[in-house]
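These are my notebook entries on one structure. I set down in turn what I looked up.

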Amino acid sequence: MKAKTYRGPVGWLLVALCMLFVVGCEEAGVHVAQPESLPGQALQAPAEQPLSPISGKQLITVGFSQLGTESDWRKANTRSIREAAAEAGIKLMYENAEQSQEKQFEAIRLFIEQKVDVIAVSPVVESGWEPILREAKAAGIPVILSDRAVGVSDPSLYVTTIGSDFYEEGVKAGKYLLDKLHHLPGPVSIVELRGTDGSSPTIERGKGFRDVIAKREDLRIIKAESADFTVEQGKETMRAFLQELGGDIRVLFAHNDDMAIGAIEAIEEYGLRPGKDVVIISVDGTRKAFELMVEGKINCIVECNPLLGPILMQAVREMMEGRTLPKRIVPQESVFTEGVAHKEVANRQY
Ligand code: GYE
């Protein structure tokens, strides 16, 4: 694992621009899968469309089904997509599904009715997407997956997935733990606060983490429950873990910062010291999490970057110009440990 530096706003702009030159992307921090030809999905905007007052090009409309507002990561992600659309002169129709897949289906049907040029979806869970994606395909509207992935047998149902490698994030969390406990004999009891059941980050982070810690038999996950990526549920679930297991808990792996923040409150209420009595590993990298790291209450943050807006808008534009996009677009991400927390607090935009 190689720790990499945080990419600021200028860096992200470069990443977005780099998508013009797919071959050069690996060096610039965007890892792309082999381009695949997707007949019928590289759409040309009809000539009669109005011109954008900003870009002077044909006005593109994107319908964006965001999955909710459950975390600070999500709020930053929505902001990034809204701002990037405005900057690119792309019209954005935004629908918030409040963590309901059913509401995402309704939003997509609305976008189809409105004849948007492109549909962007951040899918709340991985399964159940095939029928609605077929409806979009039948209407001739290309779909881009943003942030989370779907499990469908027909990959032609979406153009590309833009988002993090969640398995790799779990691997990074596991590797940190192996390093941290290098000199400590087991057994070590670990609890896991998982995100939304059935969502791709929950599934993949859990897998990556388990695959790595399996190297030591004396590391055991004694409890693993979903706290839906929220502060409140993180606190409640950690409280229940502590009531049941008490001082046995040595490590907490929280699938996002919000749940870690809630859990830290529960740990302190219980009379233990987060970051000392309980090693805490979190995912995302929000300002609040770095503030807690400065206080020594979080030991490791695996970065998951929410600033996907510029990449998404660049992908939309390229697709509308008839270019073929890679099937997978992954932003560069880092791992942060205690020494760098001060610097990162100052850098954080979310
Ligand atoms: O880690 C969490 C959010 O899908 C990557 O969802 C995203 C996750 C993120 O609620 O904070």
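**Entry 1. Terms and basis.** I call a residue buried under 20% relative accessible area, exposed over 50% and partly exposed in between, using a 1.4 Å probe and protein chains only. The model is predicted, and I therefore take local features only at pLDDT of at least 70 and side-chain atom pairs only at pLDDT 80 or more, while totals for chains, interfaces and linings use all residues. Residues are numbered from 1 along each chain as its sequence is written, and side-chain values use heavy atoms, with hydrogens and water left out.

**Entry 2. Overall content.** I looked up the secondary structure and found eleven helices and 13 strands in the protein. Helices (H or I, at least four residues) and strands (E, at least two) are DSSP runs, numbered from the N terminus. Of the 350 residues of the protein, 56% count as buried. The protein exposes about 14,600 Å², of which carbon and sulfur atoms supply 52%; accessible areas come from the Shrake-Rupley method with a 1.4 Å probe, and for residues only the protein chains shown count as cover. I then turned to contacts, meaning heavy atoms within 4.5 Å. Among contacts between residues at least 6 apart in sequence, 74% join residues at least 24 apart.

**Entry 3. Helix α7.** I checked the length of α7, residues 231-245. The expected span of a helix is 1.5 Å times one less than its number of residues. For the 15 residues of α7 this gives 21 Å, and the end C-alpha atoms are 21 Å apart, which agrees. The buried residues of α7 are G234, K235, T237, M238, F241 and L242. I recalled that an α-helix has 3.6 residues a turn, so residues three or four places apart point the same way. The buried residues of α7 pack against β7 (188-194), β8 (219-226), β9 (249-254) and α8 (257-270). G246 follows α7 and has a positive phi, near 55 degrees.

**Entry 4. Nonpolar cores.** I define a nonpolar core as a set of buried Ala, Val, Leu, Ile, Met, Phe, Trp, Tyr and Cys residues joined through side-chain atoms within 4.5 Å. The largest such core has 29 residues, of which L193, M238, L252, I280 and I298 touch the most other members. Two or more residues come from each of β7, α7, β9, α8, α9 (287-294) and α11 (341-347). The most come from α8, which gives seven residues. A second, separate core of 23 residues includes A173, L219, F253 and I281. I also listed the contacts of L193, leaving out residues up to four places away in sequence: among them are G234, T237, M238 and F241, as well as L252, F253 and M259.

**Entry 5. Ligand.** Which residues are closest to the ligand? I found 13 residues around the ligand (a heavy atom within 4 Å), the closest being E70, D147, R148, N256 and D284. I next looked for polar contacts, that is, pairs of N or O atoms within 3.5 Å; within protein, one must be able to donate a hydrogen and the other to accept it, and residues adjacent in sequence count only if both atoms are side-chain atoms. A polar side-chain atom of D147 lies 2.9 Å from a ligand oxygen atom. For R148, a side-chain N or O atom is 2.8 Å from an oxygen atom of the ligand, and for N256 the corresponding distance is 2.9 Å. Taken alone the ligand exposes 300 Å², and the protein buries 100% of that.

Entry 6. S200 is in helix α6 (residues 200-213) and counts as buried because its relative accessibility is 2%. The side chain of S200 reaches the backbone nitrogen of A149 at 3.0 Å. Beyond four places in sequence, S200 touches E126, R148, A149 and F166. Y270, in helix α8, is partly exposed, with a relative accessible area of 41%. Y270 and R239 are 31 residues apart in sequence, and their C-alpha atoms are 7.9 Å apart.

**Entry 7. Backbone exceptions.** Most residues other than glycine have a negative phi, and most peptide bonds are trans. The bond from G186 to P187 is cis, with omega near -5 degrees; P187 is in the loop between α5 (166-180) and β7. E98 has a positive phi near 45 degrees and lies in the loop between β3 (91-96) and α3 (101-113). F229, not a glycine, has a positive phi of about 70 degrees, and its place is the loop between β8 and α7. F229 is buried, since its relative accessible area is 4%.
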